[in-house]
Amino acid sequence: MDRSRSPARATSAATERPRVLLVDPYVARDDPMERRYVELYPSLGLLSLGAYLREGGADVRLVDLTFARDVRPVARALRGFRPHVVGVHTKTLTHRRSRLLADLARSAGAVAVAGGPDAASRPATYLSDGFDAVVPGEGEATLLDVAGRVAGDRSLLGTPGLTVRSGGRIAVGPPRPFLTPLDALPLPAWDLVDLEGYLRRWQRRTGERRMAVLTSRGCPFDCSWCSKPTFGRSFRQMSPGRVVAELDALATRFRVDYVRFCDDVFGIHRRWLDDFLDRLEAARLGQRFEILARVDLLRPELLARMKRLGLARVYVGVESGSQKMLDLMNRGTRLAQVERAAQSLRENGIRQFWFLMLGYPGETLEDIEATLALFRRFSPEEYSVSIAVPVPGTRFYDAVKARLKAVGSRRAADAGRSLLYEGGYPESLYHWTQARFEWEGTLSKARGKIAPELLERLSRAADDLDRRVVGPILLGNGRGSATGRPSPTARPSARDRLVAAMRAQGRRAPGPGRAGGGT
């Protein structure tokens, strides 16, 4: 069957109301990062999409697999709802499951459409996987158009904003303009998911009923590792009044008392932010909130006011303690701005969550140590230290694609813990470095409980272990060349390196076949 054509149906398609089944294929139990870093909220993109489709006359259902064990809820919905279109929100982590969902949808006679960041980054892959179409951009208007065409048994070929396969080739429809203004979008269709289940889960964990809100779309900044397949560098924002109205609806209808703003960067324009804070103060909703922000936007006087209005936590993309690495990443930030923001957050009693990155091209051991030193200096309450992930469509990916490793889907799903390209250092070095950050984080939490002198000794002991034992073992007999790469000479076995390192310190080496040292 030509995928540019919608499948034939036994009913009179011309008069049918379009039926659309939306699916979030993310399963929390399968996410290796979920227990530590992932804070679960329903997909805001799908909730917005569902509300827009409804307003456009479609009948909509949503299957959220977040707390499911498998795809059986989707199979049941396909049998009971008989949708014309199945829209799947894709991420790298959910690629395998998305392929399965495409097969299920097509077997049920529905048109399978992939949207979201992963499909947008590699539409040809998803078309080859069995999807009939990919929406690489903003989804609302395009999916409503697709639903109408399928229900009316009309061709999808040439649909604005849609990519299909036709005659063995990929056919890209004309571009579709972004929706403006965002205030015209209806409130998210919260009733399509078990929102109360999410809220109860948060309440058990934190004592608060937490929900996510999105006030903008896009990001105008140009970090080399960041993928922006959906919106590019465009930026649109809801009005402050529209945002406060959504916050009020969440408080009134669902008793939400804590909000996570999921914007790529919150508060880009100071005039907008001041207006929003004025309206938030006047509304007296009493909600605490958290944001993701850039260090160059976190002014001390602004943070003091936001703290008074409920700001509890800020996620900050610090990335590195080396100015050279920030420049290579095209972050557009200075270490002095990082230091100012971190100090101001600490002085205002606002929790900091730092995102840190290891393994970006050009990073040397000295750069890694500079990042660790910055981390020690400010001791953020929370943090994530990940290995750089080359995402298709980014300059980072283009720079290393000739060195990408052939990895299975399970290893790819462990992104952030795996080195996915041939870098300057072995993956084991980055795992060890992540452990060093964990150790420093543990010591930081012990402040006030353990004598400062002991904490300092424990920190120095970890540095000595790295410098004298673990580093030489992981890198060979040296600590790397001036270019930041290990020496290309042949390396002795891991055991030989361990023996040499321990003898250099006057310690007894382990005997043959033993895992540890003897006495």
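Analyst: Start with a definition. A cavity is a set of grid points where a 1.4 Å probe fits but cannot get out, and a residue belongs to the lining if it has an atom within 4 Å of a point. Keep in mind that this is a predicted model.

How many cavities of 30 Å³ or more are there? The count is three. Take the second largest cavity. The volume of this cavity is about 40 Å³. Its lining can be read off by name. Phe266, Gly267 and Leu273 belong to the lining, as do Ile291 and Ala293. Leu297, Leu298, Leu302 and Met306 complete the list.

Which elements supply at least two lining residues each? They are strand E12, residues 288-293, and helix H10, residues 300-308. Eight of the residues are nonpolar and one is polar. None is charged.

The loop between helix H9 (270-283) and E12 holds arginine 284. Arginine 284 has a positive phi of about 55°, although this residue is not a glycine. Most residues other than glycine have a negative phi. Is arginine 284 buried or exposed? Arginine 284 counts as exposed because its relative accessibility is 75%, and the cut-off for exposed is over 50%.

Asparagine 330 also has a positive phi, of about 60°, and is not a glycine. Asparagine 330 sits in a loop too, between H11 and helix H12 (335-347). At 35% relative accessibility, asparagine 330 counts as partly exposed.

Next comes a peptide bond. The bond from threonine 180 to proline 181 is cis, with omega near -10°. Most peptide bonds are trans. Proline 181 lies in the loop between strand E7 (169-172) and helix H7 (195-206).

Now go back to H11. Methionine 325 is part of this helix, which covers residues 323-328. Methionine 325 is buried, because its relative accessible area is 1% and buried means under 20%. What does methionine 325 touch, leaving out residues up to four places away in sequence? Its partners are Ser320, Tyr360, Pro361, Gly362, Glu363 and Asp367. Take glutamate 363 from that list. Methionine 325 and glutamate 363 are 38 residues apart along the chain, yet their C-alpha atoms are separated by 6.6 Å.

Leucine 101 can be read the same way. Helix H3, residues 95-107, contains leucine 101. Leucine 101 counts as buried, at 2% relative accessibility. Not counting residues up to four places away, leucine 101 touches Val23, Pro25, Val71, Val74 and Val88. Valine 86 is 15 residues from leucine 101 in sequence. The C-alpha atoms of this pair are 8.8 Å apart.

Glutamine 352 belongs to strand E14, residues 351-358. Glutamine 352 is buried, with a relative accessible area of 2%. Which side chain does the side chain of glutamine 352 meet in a polar contact? The partner is the side chain of tryptophan 354, at 2.9 Å.

Turn to the cysteines. A disulfide is a covalent bond between the sulfur atoms of two cysteines. How many disulfides does the structure hold? The number is zero. Cysteine 219 is buried, at 9% relative accessible area. Cysteine 223 counts as buried at 8%.

Finally, step back to the chain. The chain has 18 helices and 15 strands. Of its 519 residues, 51% are buried. Among contacts with a separation of 6 or more, 72% join residues 24 or more positions apart.

Definitions and conventions
Residues are numbered from 1 along each chain as its sequence is written. This is a predicted model: local features need pLDDT of at least 70, side-chain atom pairs count only at pLDDT 80 or more; totals for chains, interfaces and linings use all residues. Side-chain values use heavy atoms; hydrogens and water are left out. On a 1 Å grid over the protein atoms alone, a cavity is a set of points where a 1.4 Å probe fits but cannot get out, and a pocket is an open set with protein on both sides within 12 Å along at least five of seven lines; lining residues have an atom within 4 Å of a point. Grid points are joined across faces, edges and corners, and a volume is the space filled by probe spheres set on the points. Helices (H or I, at least four residues) and strands (E, at least two) are DSSP runs, numbered from the N terminus. Ala, Val, Leu, Ile, Met, Phe, Trp, Tyr, Cys and Pro count as nonpolar, Asp, Glu, Lys and Arg as charged, and the others, Gly among them, as polar. Buried means under 20% relative accessible area, exposed over 50%, partly exposed in between (1.4 Å probe, protein chains only). A polar contact is a pair of N or O atoms within 3.5 Å; within protein, one must be able to donate a hydrogen and the other to accept it, and residues adjacent in sequence count only if both atoms are side-chain atoms. A disulfide is a pair of cysteine sulfur atoms within 2.5 Å. Contact means heavy atoms within 4.5 Å.
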